[in-house]
Amino acid sequence: MTTYDLQPHGAHATRIIEEDHSLLSPSNTRAYPLVVSHARGSELWDVDGNRYIDMVAGIAVTATGHCHPEVVAAIKEQADRFLHVCLSDFYYETAVELARKLADIAPFKENARVFFTNSGTETVEAALKLARYATGRPRMLAFLGSFHGRSMGALSLTSSKYRQQQGFAPGLPGVTHVPYPNPFRPILQYNRFDDYGKVVVDYIENVLFATNVPASEVAAVFVEPIQGEGGYIVPPPGFLPALRRLCDNYGILLVVDEIQSGLGRTGKWWAVEHSGIEPDMVLTAKGLASGMPLGALIARESLMQWEPGSHGSTFGGNPVSCAAALATLRLIENGMMDNAARMGEHILSVLKGFQERYSIVGDVRGRGLMLGIEIITPDGAPAPHLRDEIVGEAYRQKLLIFGCGPSSVRLMPALNLDATLAEEALDTLDRTLDAIQKSIQA
Ligand SMILES: Cc1ncc(COP(=O)(O)O)c(C=O)c1O
């Protein structure tokens, strides 16, 4: 059974899904046959009145929980003043205030400049263009297993599922993918006393640059400080510092894609801060405006020096989204980031307990409220079917969790998840793992 065999929990949902399937693009994946009626905090209700615990938060987007009253109030207040004028052509204070806040929290000491977009993929496009513009170099490096979006440039960097690529080639020329340092499933040979992150960077320098890709032609390396869609993989501690040194040695820009990992989710504003290094650009979107569409490319001031007209966007930095983002960042700063660190540590320890009790749990990893569980077969291989069973069984028990990577489950709840809901979610996950573990032993 896969998650696609799941049935809606009522007749109203069944009717809407049938209609959806005859009208909307079939390219949407649709993890669940769930038709949402309304949602608050980390709870969500479907159109047939069923209640779910939401541990996915609109794919790490509703950072402050669904419909936080302060975010909703900020949206209403801005909607009453004006909805749009176009930031490429006019000025407004909300955008300046938000840019100031993002510049203040940027993970580098140099002054920052901000370019606003509508989404993650559009932020990646902006970074690709700025990297070429600022360096005059054509090539890019990215990592196997990465997800950077689906527009043509961002898709060329993405490497998490072949389905996302099939039928769309060719992508951007000059993009080379290298292994992401996944310590649980390394694909390069190495001595286990070495830091596997440094091994990957050695491979880039001593194999790739020596044989195939002239380092002097590489504009930027795009990297997720914790790989998200690829499996919630936390790289070894030596990785990002070694990557920073490599970039410095060859004049390459280090672009951290924090679209999923950023904005307090890992207990710091940016996941890259756990490594102690400074990137040249940081990309954000998803949780920035608690569900309103908004993204931002935050770059060192010395880099973001493109001419007027060289890049722009009609909707990017929409004033209602900016107002939602200002409220979101205030909430994250005033308690939610700390909650993410505390709650994340607690949940991680409970998940480690599951790893001891259930042999199907091969690895448990993550930081803050970005947590992954890798599901394995008895001989340690990835178990995508079992993972799908777990996601499906959780849905039947009205708990929303998601897959990522070949065989992992991820938890990415709102940053203000409270202890009571966390316990309810973990109890349900425990029952789910128990049921699936027993089903393979039967
Ligand atoms: C790390 C990362 N980058 C980029 C994107 C693309 O963002 P969007 O779906 O808003 O285009 C995602 C989306 O999952 C992501 O996780």
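The legends below describe close-up views of one predicted model.

Local features are reported only at pLDDT of at least 70 and side-chain atom pairs only at pLDDT 80 or more, while totals for chains, interfaces and linings use all residues. Residue numbers start from 1 along each chain as its sequence is written.

**View 1**
The protein is divided into domain 1 (3-67 + 337-441) and domain 2 (86-317). These bounds come from an automatic or database domain assignment. The C-alpha centres of the two domains lie 27 Å apart. Domain 1 gives 26 residues to the contact and domain 2 gives 22 residues. Here two residues are in contact if their C-beta atoms, placed from the backbone, lie within 7 Å. On the side of domain 1 that touches domain 2, two or more residues each come from helix 2 (57-60), helix 9 (319-357), strand 11, strand 12 and strand 15 (408-411). Helices (H or I, at least four residues) and strands (E, at least two) are DSSP runs, numbered from the N terminus. By class, this side of domain 1 has 12 nonpolar, nine polar and five charged residues. Ala, Val, Leu, Ile, Met, Phe, Trp, Tyr, Cys and Pro count as nonpolar; Asp, Glu, Lys and Arg count as charged; the others, Gly among them, count as polar.

**View 1. The shell around the ligand.**
The ligand is surrounded by 14 residues. Gly120, Thr121, Gly149, Ile259 and Gln260 are the closest. A residue is near a molecule or strand if its C-beta atom, placed from the backbone, lies within 6 Å of it. Helix 5 (residues 120-135) supplies the largest share of the shell, three residues. By class, the shell holds four nonpolar, seven polar and three charged residues.

Seven strands form an open sheet in the order 4-10-9-8-7-5-6, with mixed pairing. Two strands pair if DSSP finds at least two bridges between them. Strand 4 (112-117) and strand 6 (175-178) stand at the edges with a single partner strand each, so one side of each has no neighbour in the sheet. Neighbouring strands are turned by 20 degrees against each other on average, direction ignored. Strand 9 (residues 281-284) and strand 10 (residues 295-300) pair in the antiparallel sense over four bridges. Leu283 has Leu297 in strand 10 as its bridge partner. Helix 5 packs on the sheet and touches strand 4, strand 5 (139-143), strand 7, strand 8 (253-257), strand 9 and strand 10. The direction of helix 5 makes about 25 degrees with that of strand 10. Helix 7 (residues 196-211) lies across strand 5 and strand 6, running at about 135 degrees to strand 6. Axes are lines fitted to C-alpha atoms, for helices over the stretch in contact, and angles run from 0 to 180 degrees between N-to-C directions.

**View 2. Two hairpins that share strand 2.**
Strand 1 (residues 36-40) pairs with strand 2 in the antiparallel sense over four bridges. Arg40 has Glu43 in strand 2 as its bridge partner. Two residues separate these strands in a hairpin, and Gly41 in the turn has a positive phi of about 55 degrees. Strand 2 also pairs with strand 3 (residues 51-54) in the antiparallel sense, over three bridges. Trp45 has Arg51 in strand 3 as its bridge partner. This hairpin has four residues between its strands, with Gly49 in the turn at a positive phi of about 90 degrees.

Strand 11 and strand 12 (residues 370-375) pair over six bridges. Val364 stands opposite Ile373 in strand 12.

**View 3. Tyr232 in its loop.**
Tyr232 sits in the loop between strand 7 (218-223) and helix 8 (239-250). Its phi is near 50 degrees, a positive value in a residue other than glycine. Tyr232 counts as buried, with 27 C-beta neighbours inside 10 Å. The cut-offs are 20 or more other C-beta atoms within 10 Å for buried, 12 or fewer for exposed, and in between for partly exposed, with C-beta atoms placed from the backbone. Beyond its neighbours within four places in sequence, Tyr232 has contacts including Arg365, Met370, Cys404 and Arg410.

Leu263 is found in the loop between strand 8 and strand 9. Phi of Leu263 is near 65 degrees, a positive value in a residue other than glycine. Leu263 counts as buried, with 29 C-beta neighbours inside 10 Å. Pro170 lies in the loop between helix 6 (152-157) and strand 6. The peptide bond from Ala169 to Pro170 is cis, with omega near 0 degrees.
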